[in-house]
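Dear colleague,

Please find the structure below, together with its sequence. I would be glad if you kept it open while you read the notes that follow.

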Amino acid sequence: MSTVAGGAFGSGKAGAPFDPVEYIKKPQVILRLLCVLFSIVVFGCISSGGWYDHKCIMNGDDNACRYGTVIGVFAFLICLTFLVVDALFDNLSSIPHRKYAVLADLAISALWTFLWFVGFCYLADAWRRTDKSGLHRGRDNVQAAIAFSFFSIASWGALAFFAFRRYRLGTQEAFASGYDQDPNASSPYSSFPGSDTGDPYQQPPFSQQKETPDYQQPTY
């Protein structure tokens, strides 16, 4: 299993002490806190003012109130979960575990961006078709839920963007580390034995020094 020797996927070295100040400064943490706030406003406003006499005040469409409440509650729980993951992310010593966390963040953030977009369109259309002449309560609640559904599209889209950027950063680091070469590595081609030249490729393999034969002067 691969371990983290240094930073990976846009985070620091594993084993570093937890710094709450640096944790709060992270863009994804700030965005998740905003998403928590927006989700509370959406499902809180619908739950408190979106129903009257057990009937949804948005054109009498109970599914509109249920949809806004459900995605708001799940968005709240998901954000809390990933806030914990962000706090523990630097201490994940396994690169595959960091990769899975970033991929899960990317997939869920992209999915909830789409769900919030659908929810905004659904709630806005249901409210547009509502007869407001006899409506004496819940108007502000519904309008706030629709507005913060729109804000949630931007915040969750930004979370998906930062997750995608962290994923790209991690894959680029893994690709670069896979092709790092040791500058002290020796050449796989060794010089020929007995070669005194600096370039091992200049000495022909079958060259031999010409030996001068011994000559003896004849005696008379």
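Arg 166 counts as buried, because its relative accessibility is 12% and buried means under 20% relative accessible area, with exposed being over 50% and partly exposed in between (1.4 Å probe, protein chains only). This residue lies in helix H5, which covers residues 139-178, and its side chain is joined to the side chain of Asp 105 by a polar contact of 3.3 Å. A polar contact here is a pair of N or O atoms within 3.5 Å, where, within protein, one atom must be able to donate a hydrogen and the other to accept it, and where residues adjacent in sequence count only if both atoms are side-chain atoms.

Before going further, please keep in mind that this is a predicted model, in which local features need pLDDT of at least 70 and side-chain atom pairs count only at pLDDT 80 or more, while totals for chains, interfaces and linings use all residues. Residues are numbered from 1 along each chain as its sequence is written, and side-chain values use heavy atoms, with hydrogens and water left out.

As for the protein overall, there are 5 helices and 2 strands, and from the N terminus on the elements follow the order α-α-β-β-α-α-α. Helices (H or I, at least four residues) and strands (E, at least two) are DSSP runs, numbered from the N terminus. Of the 220 residues in the protein, 31% are buried. Contact means heavy atoms within 4.5 Å, and among contacts in the protein with a separation of 6 or more, 78% are accounted for by residues 24 or more positions apart.

Helix H5 also holds Ser 155, which is buried, with a relative accessible area of 5%. A polar atom of the Ser 155 side chain lies 3.1 Å from the backbone oxygen of Ser 152, and, leaving aside residues up to four places away in sequence, Ser 155 touches Leu 31, Cys 35 and Phe 38. Ile 30, which is found in helix H2, is 125 residues from Ser 155 in sequence, yet their C-alpha atoms are 9.8 Å apart in space. Ile 30 counts as partly exposed at 41% relative accessibility, and with residues up to four places away again not counted, Ile 30 touches Ile 24 and Lys 25.

Next come the helix pairs. Two packed helices are described by the angle between their axes and the distance between the axes. The axes are lines fitted to C-alpha atoms, for helices over the stretch in contact, and the angles run from 0 to 180 degrees between N-to-C directions.

Helix H2 (residues 27-49) and H3 have axes that come within 8 Å and cross at roughly 155°. H2 is therefore roughly antiparallel to H3, since angles over 145 degrees count as roughly antiparallel, those under 35 as roughly parallel, 65 to 115 as roughly perpendicular and the rest as oblique. The residues in this contact include Cys 35, Val 36 and Phe 43 of H2 and Gly 72, Val 73 and Phe 76 of H3. By class, the contact of H2 with H3 has 16 nonpolar, 6 polar and 2 charged residues, where Ala, Val, Leu, Ile, Met, Phe, Trp, Tyr, Cys and Pro count as nonpolar, Asp, Glu, Lys and Arg as charged, and the others, Gly among them, as polar. Val 73, in helix H3, is partly exposed at 31% relative accessibility, and its C-alpha atom is separated by 9.1 Å from that of Gly 44, which is 29 residues apart from Val 73 along the chain.

Helix H3 (residues 62-88) also packs with helix H4 (residues 95-128), at an angle of about 155° and with the axes 10 Å apart, which makes H3 roughly antiparallel to H4. Among the residues that make this contact are Tyr 67 and Phe 74 of H3, and Asp 105 and Trp 112 of H4. The contact of H3 with H4 divides into 18 nonpolar, 3 polar and 1 charged residues.

Lastly, there are two loop residues to look at. Most residues other than glycine have a negative phi, and most peptide bonds are trans. Asp 53, although not a glycine, has a positive phi of about 55°; Asp 53 sits in the loop between strand E1 (51-52) and strand E2 (55-56) and counts as exposed at 67% relative accessibility. Asn 59 has a positive phi near 60°, is found in the loop between E2 and H3, and counts as partly exposed at 34% relative accessibility.
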